[in-house]
Amino acid sequence: PRYTPSLAGFLKYHWEYPMVPSHPSGLHIELQWRWSSLRSSRKVGEDWIWARPIEVVLGSTRILSPNIENYLLLLCQHGAGHRWRKLQWVLDLVGLLSRQRVDWAEVTDAADRLGCRKPLALGLLLARELGGRVPDLKMLRDPVVLEEAKWIGKWVLPIREDPHPLREKLFDWRLRSSLSSKLEYLQHLML
């Protein structure tokens, strides 16, 4: 297809597109082409997502899927990227954690390597609040994660009203793992 300047800009500054925004079955599909949007300044590719894939059955078809640890990171990063606006995203974590065994050392090491420890911790903390099987990991006691979880519980999950846009930017800022990532975020806001 021929790329127009507006499409090129969309592809550069966005990372997902809803394919089926309101299907009657409730099915929601998003096409995603970048791993972490603006959450980490670390330049990691997407190859890690497909390291040691697992085979799952979708309908009557066998397909490859990221392994449980990588899928957990993807779900937490996705939820944090949307500021956990949908309860379904937390429930997806609860469901995954109830059906699958997780190698917690592997997932926390990967989160550190990818620069997404806080989004992971926040997702796990929210899942635990809704009954998800999450061990008592040190990262869940991070004061920033605890404060952001309270904010989400107060404003986002009940969907009483839209949170203030500046508070949303603060959320994005606080979940960043390093000074370079925070500076990159400020640069993005100013453009």
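This is a predicted model: local features need pLDDT of at least 70, side-chain atom pairs count only at pLDDT 80 or more; totals for chains, interfaces and linings use all residues.
Reader: Okay, and what percentage of the residues is buried?

Author: 39% of the 191 residues. Buried means under 20% relative accessible area, exposed over 50%, and partly exposed in between, using a 1.4 Å probe and protein chains only.

Reader: How many helices and strands?

Author: Eight helices and four strands, in the order α-β-β-β-β-α-α-α-α-α-α-α. Both are DSSP runs numbered from the N terminus: H or I over at least four residues for helices, E over at least two for strands.

Reader: How do α7 and α8 cross?

Author: Helix α7 (residues 165-174) and helix α8 (residues 179-190) have axes that come within 9 Å and cross at roughly 150°. The axes are lines fitted to C-alpha atoms over the stretch in contact, with angles from 0 to 180 degrees between N-to-C directions.

Reader: Which residues make the contact?

Author: From α7, Lys-169, Asp-172 and Trp-173; from α8, Lys-182, Tyr-185, Leu-186 and Leu-189. Contact means heavy atoms within 4.5 Å.

Reader: Leu-189 again: why does that residue count as partly exposed?

Author: Because its relative accessibility is 38%. Leu-189 also belongs to a nonpolar surface patch with Leu-179, Leu-183, Leu-186 and Met-190, about 530 Å² of accessible area together. Patch residues have over 30% relative accessible area and no salt bridge; nonpolar side chains (Val, Leu, Ile, Met, Phe, Trp, Tyr) are joined within 5 Å, like charges within 9 Å.

Reader: Switching to electrostatics, how many salt bridges are there?

Author: Five, where a salt bridge is a side-chain nitrogen of Lys or Arg within 4 Å of a carboxyl oxygen of Asp or Glu. One of them pairs Glu-55 with Arg-62 at 3.2 Å between the closest N and O atoms, and both residues are exposed.

Reader: Which residues do shared partners join into one network?

Author: Asp-136 bridges Arg-128 at 3.9 Å, N to O, and Arg-141 at 3.0 Å. The shared partners join Arg-128, Asp-136 and Arg-141 into one network.

How values were computed: Residues are numbered from 1 along each chain as its sequence is written. Side-chain values use heavy atoms; hydrogens and water are left out. Accessible areas come from the Shrake-Rupley method with a 1.4 Å probe; for residues, only the protein chains shown count as cover.
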